[in-house]
Each structure stands twice: as structure tokens, then as C-alpha cells.
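Subject: Handover of a structure

Dear colleague,

Please find the structure below for your records.

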Amino acid sequence: MLFKQQALLRQKLFVLGSLAIGSVLYLVARVGTLDRLQPICPIERRLPLPEPEQIPLRNLQFKRGLLHELRKGNATKEQIRLHNLVQQLPRAIIIGVRKGGTRALLEMLNLHPAVVKASQEIHFFDNDQNYARGIDWYREKMPFSFPHQITIEKSPAYFITEEVPERIFKMNSSIKLLIIVREPTTRAVSDYTQVLEGKERKNKTYHKFEKLAIDSNTCEVNTKYKAVRTSIYTKHLERWLKYFPVEQFHIVDGDRLITDPLPELQLVERFLNLPSRISQYNLYFNATRGFYCLRFNIVFNKCLAGSKGRIHPEVDPSVVTKLQKFFHPFNQKFYQITGRTFSWP
């Protein structure tokens, strides 16, 4: 009898031991499986956000219709609640430069499924009346988006307005700042051309560019002329660097964005820690307009407004040379600060 009881006890211990070992092996295998399922570089690490639930980027292309309806004001409160849509403060701002290609850059970045753009220039930080309305007013001007998307706005006046760097710093000291620049003399002439066109529409006369850009008393470059002053990029950037480290700025080549946009957009994707999604498929050259247009999908294409690419008036070559020589030392300092060199004269 004692022998049988001992044998039965050994059998039970063996069974219990087998079950314990089996459980351990299952847990080890389970953990190993979970480890293998973890993506090498999860999107949430590249694009950190407080929201734990994220919509896969590949699904966002199919959500653009809803966001479009929201922009038109046609979506219901139930749709907003159901899809967990929010109005977020921007985590990146195109702060300038006027006539550098800010609109083109914003529209092209909007090709990315993780980017949502504010369609209008908000002028929150450079307009005292708007700024006095408070940050909630600013947020309400932002488009609806999914929690993990990046909202971007652009207001070129920010770059040259003295109060703006401190105001943006107070909102978000870690914000990403985009500056798109063109050859300074070309940009100044483009600036003049836009103002000239506005005067002509109102049947008003306007001085020639040469008269505005050159001081008639000294025959030197007129730094009081706003179009000239705006093109002294380094002077404005130095004011921003009092609040933000240079690593939070990305310089976009506005001339290259016109002729070969994809490499510039890929650089911005990396700066914003976005997975690469914009491809050559999204950009096609329109020979009639002389510019690249945007292809969002098989049915939806978009070209920039007809006002883009205005024909510049003829400018006295001696004035162009004088301006180029004037800007040259400022350009060299700009290259040194930003680490990006351009083939400007």
C-alpha cells in the first residue's frame, strides 16, 4: 500500500512539473513572438505624441475626404467625436520668407498624409490685435486633424516682425521652424512685382524698382526699402536665434523647389521626423504653367494659383549688380550660421 501511494505521489509531481515547465516555455515563446512583432522604427517614435492610439498612415489617404468636408464646415459634431478629430496648435510653422515660395512649400507638404495645413495665413503672432485674442482663438483657426498628425501654418511676415520670436517661444519652445529662401535680389524684385501688380489693379502709379532700391541722394542701396530689408536674411535670423537653437530651423531652397521639388521635400520630411511618403508620383510638371503641380491620388490634382510665377519687370543691370554686391557679405554669414550654402552671386 505504501509503495502504491509513493508511486501515485511521484506521478502527480511529474504532471505538475510538466505543466509548470510548459507554462514557462509558453511565456518565453510568447515574449519572443511579441519582440519579433515590434516594428524596428515605430512611427510613434519618429513622431512622438501624447495620444496612445494612432491611425496608420496608409489609412489616412482614405480619410482626406472627411478632413476636406471639415474644412468646408460640412462635417457634423458626431463625425468629429466619432473620428477623434481635434484642432491642434501647429508643431511646425513656415515663418518666411515672403516671395520665397511659402505657399508652394505649404501645399507640397500637404501631400504627406501626416500633415494638415492651415489654408489661410493666420497672422496671429505678428498682429497685435489677433495676438490679444489669445491662444484659444489661434487654436480655433487651425484645421481639424487626427491626433497624431502635424498641423502646419505659414505666415511669411513672422520672419521679419520683431515681436514674433518671443511670442512663438512662449507658445512652444521646441517648435520646428521652416524658412524658405531665394536668391536675395531675385526675391526683392519678386516682392516689388507683387506690390506693383496690386497698384495697377487699383489704377495707381508706382515708382520703378530702381528708384526704390537705390537711395537717390547717396546712390547706395536703400536699406529702408522693405523689399531690400527683407532679403537681408541673416539680420532677421539672428533675432530668432536669441530664442531658438539653430537645430530647430530648416532652410529650404526656394529656387530648387521650383525646378526640382522632391529632394527639398524629402529633406523637410526628415527634419519633421516624418516617414517618407511624398514621391515623384505626387509631383508632375505642367508645361503650360511652367511649374510643378500636385497629384494627391488618381482623381485629385492641384496646381498653384495663377498669380504664382509673375513675370518680373526689366531691372537696370547695374542696379542688379549693386544689390548682389550689397547682399554678398550677408549671404556668406547666412551660410555660416545655417550650414547651408547656395550658389548666389
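Strands β9 and β10 form a hairpin, with five residues between them. They pair in the antiparallel sense over two bridges, and Leu 294 has Lys 302 as its bridge partner in β10. Please note that this is a predicted model, and that the findings below should be read accordingly.

A further hairpin is made by β8 and β9, with four residues between the two strands. In its turn, Gly 290 has a positive phi of about 80°. Strand β8 covers residues 283–286, and its antiparallel pairing with β9 extends over four bridges. The bridge partner of Leu 283 in β9 is Leu 294, the residue that is also bridged to Lys 302 in β10.

The disulfide

The structure holds one disulfide. It is formed by Cys 293 and Cys 303, whose sulfur atoms are 1.9 Å apart. The link is right-handed, with 105° about the S-S bond. Cys 293 lies in strand β9 (residues 291–295), while Cys 303 lies in the loop between β10 (301–302) and α16 (317–338), so the bond ties together parts that are ten residues apart in sequence.

Are the two partners buried or exposed? Cys 293 counts as buried because its relative accessibility is 1%, under the 20% cut-off. Cys 303, at 27% relative accessibility, counts as partly exposed. Another cysteine, Cys 219, also counts as partly exposed, at 48% relative accessibility.

The parallel sheet

An open sheet of five strands has the order β3-β5-β2-β6-β7, and its pairing is parallel. The edge strands, each pairing on one side only, are β3 (115–117) and β7. On average, neighbouring strands of this sheet are turned by 25° against each other, direction ignored. Helix α6 (residues 102–109) packs on the sheet and touches β2, β3, β5, β6 and β7. The direction of α6 makes about 165° with that of β5.

Within the sheet, strand β2 (residues 92–96) is joined to strand β5 (residues 150–154) by three bridges, and the two run parallel. Here Ile 93 has Glu 153 as its bridge partner in β5. Strand β6 (residues 176–181) and β7 also run parallel, joined by five bridges, and Ile 179 stands opposite Ile 251 in β7.

How many residues of β7 are buried? Strand β7 (residues 249–253) is mostly covered, with five of its five residues buried. Phe 249, Ile 251 and Asp 253 are buried on one side, and His 250 and Val 252 on the other, which leaves both faces of the strand covered.

Helix α13

Helix α13 lies across β2, β6 and β7, running at about 175° to β6. Six of the eight residues of α13 (residues 233–240) are buried, so the helix is largely enclosed by the rest of the structure. These buried residues are Tyr 233, Thr 234, His 236, Leu 237, Arg 239 and Trp 240.

Helix α13 also packs against α16: the axes of the two helices come within 8 Å and cross at roughly 35°. On the α13 side, Tyr 233, Thr 234, Lys 235, Leu 237 and Glu 238 take part, and they meet Phe 330, Lys 333, Phe 334, Ile 337 and Thr 338 in α16. The residues of this contact divide into five nonpolar, two polar and three charged.

One of the α13 residues may be followed in detail. Thr 234 is found in this helix and counts as buried because its relative accessibility is 2%, under the 20% cut-off. Leaving aside its neighbours within four places in sequence, Thr 234 is in contact with Phe 330, Lys 333, Phe 334 and Ile 337.

The chain as a whole

The secondary structure of the chain comes to 16 helices and ten strands. Of the 345 residues in the chain, 41% are buried. The chain exposes about 19600 Å², of which carbon and sulfur atoms supply 55%. Among contacts between residues at least 6 apart in sequence, 72% join residues at least 24 apart.

With kind regards

Notes: Residues are numbered from 1 along each chain as its sequence is written. This is a predicted model: local features need pLDDT of at least 70, side-chain atom pairs count only at pLDDT 80 or more; totals for chains, interfaces and linings use all residues. Side-chain values use heavy atoms; hydrogens and water are left out. Buried means under 20% relative accessible area, exposed over 50%, partly exposed in between (1.4 Å probe, protein chains only). A disulfide is a pair of cysteine sulfur atoms within 2.5 Å. Two strands pair if DSSP finds at least two bridges between them. Axes are lines fitted to C-alpha atoms, for helices over the stretch in contact, and angles run from 0 to 180 degrees between N-to-C directions. Contact means heavy atoms within 4.5 Å. Ala, Val, Leu, Ile, Met, Phe, Trp, Tyr, Cys and Pro count as nonpolar, Asp, Glu, Lys and Arg as charged, and the others, Gly among them, as polar. Accessible areas come from the Shrake-Rupley method with a 1.4 Å probe; for residues, only the protein chains shown count as cover.
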